[in-house]
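Hi everyone, thanks for making time for this. Today I'd like to walk you through one protein chain, so please have a look at it with me.

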Amino acid sequence: MKIPKLSLTQWIFVGMGVGLLIGWLAPEFAVNLRPFSTVFLRLIKSIVAPLIFATLVVGIAGHGDLKQVGRMGVKAIVYFEVVTTIALVIGLVVVNVIKPGVGATLHAAEGMGDLVAKKQSFGDVLTHVFPQSFFEAAANGEVLQVVVFTLIFSIALAMVAKEKREIILQFCDSLAETMFKFTNIVMKYAPVGVAAAIAVTVGNKGLSVLINLGLLVVSLYAALAIFVVFVFGGVALMARIPIRRFLN
């Protein structure tokens, strides 16, 4: 009998099923699998900074015409802000209608109960946007700081002589391609990471937590469906994109 070859998505669903069984049948063993899920999350986080840096540098500095990049950047920022605001509104409406968290009992992590939110002024927020070190921002997962540094770096690189600029552009282009390959390698570990995460969750909270997690997934896909059909669909119509040909 020939065993059918499964896609990555199918393997992830298999991992979820295995994790569910382990968390249900052996909860004491399941909680010890946390390191396997933590490793997966760490690997995913490690991709973000170098990938953002490499792709933005190639996209901006590789263009050459800073005036054109500036005009395109302003349009992109306005579009991003408007669409993101609409996405937030859709998400808030959907989550308040479905209410996936109702009935879930979540406990604060050990040592986190006494934390108090710190009020920040506009100056604090503005200062926080600019990194004092790219590597510190990357290590702390400060994506906005990484983006700001990369934007300034890209503009500076575009002002450098072409023969010197090409060296760094080739490096960043190779880095971006390497990080995509790195992502493919990490995703092969995804079924194990997902299985461990599900096992730990079910082992700690029991099967009842799956109801809330299921509602959370339903909320996500409902919001995404509304967003894609009405928002992206509206944008496509305004931009006169042939939707049927685009989907094909």
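Let's begin with a definition: helices (H or I, at least four residues) and strands (E, at least two) are DSSP runs, numbered from the N terminus. With that in hand, the protein chain has eleven helices and zero strands. Read from the N terminus on, its elements go α-α-α-α-α-α-α-α-α-α-α.

Before we go further, a word on where this comes from. This is a predicted model, in which local features need pLDDT of at least 70 and side-chain atom pairs count only at pLDDT 80 or more, while totals for chains, interfaces and linings use all residues. Residues are numbered from 1 along each chain as its sequence is written, and side-chain values use heavy atoms, with hydrogens and water left out.

How confident is the predictor? The score is pLDDT, the predictor's confidence in each residue, from 0 to 100. The protein chain averages 86, and 90% of the residues score at least 70.

Now, the inside. We call a residue buried under 20% relative accessible area, exposed over 50%, and partly exposed in between (1.4 Å probe, protein chains only). Of the 248 residues in the protein chain, 23% count as buried.

A nonpolar core is a set of buried Ala, Val, Leu, Ile, Met, Phe, Trp, Tyr and Cys residues joined through side-chain atoms within 4.5 Å. Which residues have the most contacts inside the largest one? They are Phe 53, Val 57 and Val 146, in a core of 20 residues. Helices H3 (34-61), H6 (134-139), H7 (143-158) and H8 (162-188) each supply at least two residues of this core. H3 gives the largest share, nine residues. Apart from this core lies another one, of six residues, including Ile 90, Val 94, Phe 227 and Val 231.

Let's zoom in on Phe 53. Contact means heavy atoms within 4.5 Å. Leaving aside neighbours within four places in sequence, Phe 53 touches Phe 134, Phe 149, Thr 150, Phe 153, Cys 172 and Leu 175.

Gln 145 is another one to find, in helix H7. Is Gln 145 buried or exposed? It counts as buried, because its relative accessibility is 10%. With the neighbours within four places in sequence set aside, Gln 145 is in contact with His 128, Val 129, Phe 130, Pro 131 and Ala 137.

Last, two backbone spots. Most residues other than glycine have a negative phi. Lys 99, which is not a glycine, has a positive phi of about 55 degrees. You'll find Lys 99 in the loop between helix H4 (66-98) and H5, and it is partly exposed, with a relative accessible area of 47%. Arg 240 also has a positive phi, near 60 degrees. Arg 240 sits in the loop between H10 and helix H11 (243-247). With a relative accessible area of 76%, Arg 240 is exposed.
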